[in-house]
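Okay, thanks for making time, everyone.

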Amino acid sequence: MADYGHKQSSVSPPVAGWKSASGTSPETHRGEPVSNGNCSGSDTVKKVQNQSSGESSTWEGSETASKAIPRRSSLIKDGSRAGRERKKTVSFSSSLSEKKISSAADCIHSMVEGSELKKIRPNSRVYQRYYMLDTGLQALCWEPSKKESDKARICLSAIREVRTGRNTETFRTSGVYEQISEDCAFSIVYGDLYENLDLVANSAEVANIWVTGLRYLMQYGKHALDMLSSSQDSLRLGWLEQLFSSAADVDRHSSDAEEGIRLQSAVKLILSVNPGVSSCKVEHRFKELQRVREKTSGLTPDNVPGVKDHMKVKRQAEHRERVTKQEFIEVFHDFCTRPEIYFLLVQFSSNKEYLDTKDVMRFLEAEQGIMQVTEETSLKLIQSHEPSEEGRQQGFMSLDGFTSYLTSADCHLFDRDHDIVCQDMSQPLSHYYINASHNTYLIEDQFKGPSDVSGYIRALKMGCRCVEVDVWDGTDDEPVVCTGHTLSPPLVLSSVLEAIGRFAFVASDYPLIICIENHCSIRQQRKMWKHFTGILGNKLYTTPPAQGDSYLPSPEALRHRILLKGKKRGPGYTEEDGQVSEEDEGAEMCQRIKSSGGAAAASGGGDKDTLQKSLLLTSKCERPHLCAKQFQLLEELSDLVTLCHSVSFVDFKTSSKSQKPWELCSFHESLAVRLAGESPGNFVNHNKHFLSRVYPSPMRIDSSNMNPQDLWKCGCQIVSMNFQTAGLMMDLNTAWFRQNGNCGFVLRPAIMRQEVSYFSADTRDTVPGVSPQLLHVKVISGQNLPKPRGSGAKGDVVDPYVYVEIHGIPADCTERRTRTVTQNGDNPVFDESFEFQINLPELAMVRFVALDDDFIGDDFIGQYSIALECVQSGYRHVPLQSLTGEEHPHARLFVHVALTDRRGGGKPYKRGLSVRKARKGRDYTALRDLGVRAVDEVFKTVAPMLREATDLRANMQNSVAVFRELCGVSAVSNLMQCILALSSRVAGPEGAPLLLFELRDHYPTLEPQGPLPDVLRQVVSTYEMMVQASRAVMDFSDGIYDRIMHIQTTAMEFHENLQSLAVKEGLKGRKVSRALESFSWNITILKGQADLLKRAKAEVQENMKQVHDAALTGNLSKESQGVTRVRSQIRKGQDDKTATGARGGTA
């Protein structure tokens, strides 16, 4: 057996010796119980691997696996989790092997050595076994077993299919299903009866090794190694030899061509392919190999005798600075091979070591969401990324070419369609979130930090569309910009306005709002007016609104215009009445500091409080002109304020009666958060018509930021942020406004814009009228993760782990973390999958955070935040950013993302083919009684239609789910992936497919081509049920939709007089409010259910087109004249783009 492993070098030239994947010998394993089925290694697992005990079939939960990781506070300034309770775990992947898997030969050698796997039985029992290939590569064997030795084996010729994930009936119905990692599970389907051997590996890498090796052996049999030895890695080796030869030609001073190339040249070649790797590490690896070479050649200083051998010593020194071709190939393999990408490649390569044009087509369509890819576009992509000349000529993509494509801009997580303005910009201004800055002139803290015009320039370049200008009387009759009662130095108003005028529309053409906090005398207000009109000129929007206007103009109508937000003189205004400014944040901050400082002094407070108090007193003495005063408002300055008239907030009832659309309320952070908690529905309704601005608490002296999501969920349009303070909150703000071309405006969710709709900002359940979605995220690996900048630990080694966070409404906020990979920042492999239910996708954000589990002082490696609307499905790379928002060079995460609709009817479905929810048990959305007879009668007539609509959608979605399960693919797979998976298992004895699709109809039919085994007969019948349910949606959805919308229109006729109708019915006080709320609920449900029915129809059309395209791609279609690939409704126009420009949308 040992000799077998050493034969690797003849098969795989770049690879050194091999170490067993399990790291142990068969004799150390027995049939003990196991603790868990995920990829993390608990103490129980380690105990099982090192102890011998009686055979058991129980599944014991480990403390490590079951203990919940506490959620950290949402207010984290620097994004660090230092101080939190953290659970450190260990990755099996980090210690799996001493070399990287990059070929099927590597996998087969590992399988011969054997691995410890867990066997799952239908009765939920779990057994530990040691599995291996026999040396003849003809059978899979395991031990120990109660069976006779000849029965504890499966002939490879009997294997029908190797299926990844928990995708068999045994897995789905197992009592330990939730404890088993999807990435560590796989199944072997064998025999005429299609029996299953369901296995769980200790890591995803071990599972990938077995799946890859078995699939190769199924295709090539016992001659697989011979075939691989003659052809494997030919593209890579040819390219590397060419690279090496080119470098050798440059080093022409070498007298001996066989001596190799210079060490520094070899290091540069490695860095040219993987620029993120440390040159010191590469050089150190080369020197390690050179020391081995010296020992084997006998040229060491110890065995060189005397001075007469001086020339040998000199030659040895020169020799030490050279790198041979074999050394170069081996080091290239170490630093430029990513096993996780190799395992992905072989999934689509039809058991080849490269991808051809058809393989690339399948990958782009099935995984990346790019529809209608032709062989021509695949060839262009190959020629763009394949490094070897041979590969480009033959249309083959090697592992290095595939890696180049996956790390290119084409596979970025962010959809580049959102790099430009992509939302409707013609709606009223109040329907948008607006990117806003707080005290824009400050570039550090709020009390004594410096002020600078660069604060405005930086904010405007970042897409900010609302800046603040706090104006006070200055010396020489020149108004200044500063925060009153603080030590922050003032800026001259004119210089501030010149910067604003110059950079206002550099990043965005849409309107800019200047919030004026006016503390000036009448004399200096005249100077203010001159500066505003003279510097900003015709950019100022001064047209007064018409009294009959119900909404503000749109951003599109206000392009390249500047709006002033401030106080206005009202009708009958005299010189004696009126207040210039609605808020004085500086005075409030000083008052808070004074009270907190006094309390601290009374209780023996710290130095910080004492310092702040002294600073307060100093500022009052040194800056008397900053004392808070009330001034009269200049009429000319008042006339400049048109669409953003600042008014004080009393309550929501008063605002609904008297507030005009062009009047704007500013809310203190504490007040806004209190209103969001006490009256979330009223806050949302208020913001449907009026702009709301929220500014941070004056106690945020350090310029920390509030969580903008807490206010966005209430519909608040302007949430002012301290742009100078990096961290979690600014990460969310920056990522949120990037989704619409970074123009500073983002359209709010439809449920927050509709005239009559029900939405509560504090909901912790599904949102009425909105279809929840499931976000599936698999964190595969990381690359070139740097050491935290503030870490005090020695060396540059990190122990990384990753958090995936969801930010949105309370029902969506959650986070999950991977295990820790020890001492590996270069290419840590996590291979962990998470699933999140998103109840309001339009307001959701995803954040990836990489942290160091072994740190001193700082654990923050990097982060990336993105709006869910911008996420591309498929295999994507996520660039990591530093705390201040700059991208770490070459540092990224490799992930797989899928977004699917949750199955209809309510709660998440139970897994398993045998569990199908009957109509009697289906959850139907209920309408509410108002207590107003005439209105209730109208709503009662729609109840049967809502049930019918729910049944149509649920039957279709359930039938698709059952068909997906029979195809043996995961819940995140689409129908194209289902058909492509089916194509690999329908081959008959002669190789001809037993099933073919007839594509002439709109609904492709699946026709048997001969006698079928029971499993395939079940596939056919399930497919027919899916087509039948899909036909029903297409035939009846339009009629039901029209009837629902007609009843909604009828009900809306009662809306204007609903309150008076409720009073006539005898309702009073709170009951009237409940009736109005119930009416909004019912209208929202009708609109939502109608939209869901419309989406179901579109989903059926897309499903049938995916079946059509997959049948052609998988060679499962009958030969027909005139059959052409149809265009996908989701990705219209994609075939007009080049492969490098095409973007994959979310599923």
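In helix H29, the buried residues are Leu-728, Met-729, Met-730, Asp-731, Leu-732, Asn-733, Ala-735, Trp-736 and Phe-737. H29 spans residues 728-737 and is mostly covered, with nine of its 10 residues buried. By buried I mean under 20% relative accessible area, with exposed being over 50% and partly exposed in between, using a 1.4 Å probe and protein chains only. Helices (H or I, at least four residues) and strands (E, at least two) are DSSP runs, numbered from the N terminus.

A quick word on the source: this is a predicted model, so local features need pLDDT of at least 70, side-chain atom pairs count only at pLDDT 80 or more, and totals for chains, interfaces and linings use all residues. Residues are numbered from 1 along each chain as its sequence is written, and side-chain values use heavy atoms, with hydrogens and water left out.

Next, the sheet. Seven strands make an open sheet, in the order E4-E3-E2-E1-E7-E6-E5, and the pairing is antiparallel. Two strands pair if DSSP finds at least two bridges between them. Which strands stand at the edges? That's E4 (153-155) and E5 (159-164), each with a single partner strand, so one side of each has no neighbour in the sheet. On average, neighbouring strands here are turned by 30 degrees against each other, direction ignored.

Helix H7 packs on this sheet, touching E1, E2, E3 (139-143), E5 and E6, and its direction makes about 155 degrees with that of E5. For those angles, axes are lines fitted to C-alpha atoms, for helices over the stretch in contact, and the angles run from 0 to 180 degrees between N-to-C directions. Within the sheet, E6 (residues 185-190) and E7 (residues 195-200) pair in the antiparallel sense over six bridges. The bridge partner of Phe-186 in E7 is Leu-199.

While we're here, look at the loop between E1 (115-120) and E2 (126-133), where you'll find Ser-124. Ser-124 isn't a glycine, yet its phi is positive, about 70 degrees. Most residues other than glycine have a negative phi. Asn-439 is another non-glycine with a positive phi, about 45 degrees. Asn-439 sits in the loop between strand E10 (432-437) and helix H19 (454-461), and it's buried, with a relative accessible area of 1%.

Back to H7, residues 204-220. H7 packs against H5 (residues 104-113) at an angle of about 105 degrees, with the axes 8 Å apart. That makes the two helices H5 and H7 roughly perpendicular; the cut-offs are under 35 degrees for roughly parallel, over 145 for roughly antiparallel, 65 to 115 for roughly perpendicular, and oblique for the rest. On the H5 side, Ala-104, Cys-107, Ile-108, Ser-110 and Met-111 meet Ile-209, Trp-210, Thr-212, Gly-213, Leu-214, Tyr-216 and Leu-217 in H7, where contact means heavy atoms within 4.5 Å. The residues of that contact divide into nine nonpolar, three polar and no charged. Here Ala, Val, Leu, Ile, Met, Phe, Trp, Tyr, Cys and Pro count as nonpolar, Asp, Glu, Lys and Arg as charged, and the others, Gly among them, as polar.

Now the aromatics. How many aromatic pairs does a search of the whole structure find? It finds 25. One of them is Phe-244 with Phe-328, a tilted pair at 5.9 Å centre to centre and 40 degrees between the planes. Rings of Phe, Tyr and Trp (its six-membered ring) pair if their centres lie within 6.5 Å; planes under 30 degrees apart count as stacked, over 60 as edge-to-face and the rest as tilted. Phe-244 lies in H9 (residues 234-250) and Phe-328 in H13 (residues 325-336), so the pair ties together parts that are 84 residues apart in sequence. Phe-244 and Phe-328 are both buried.

Tyr-875 and Phe-894 have ring centres 6.0 Å apart and planes at 35 degrees, so that pair is tilted. Both residues, Tyr-875 and Phe-894, are buried. Along with Phe-348, Phe-363 and Phe-402, Tyr-875 and Phe-894 form one aromatic cluster.

Last stop, E29 and E30, a hairpin with six residues between the strands. E29 (residues 995-998) and E30 (residues 1005-1008) pair in the antiparallel sense over four bridges. Leu-995 and Phe-997 point one way from E29, Leu-996 and Glu-998 the other, and all are buried.
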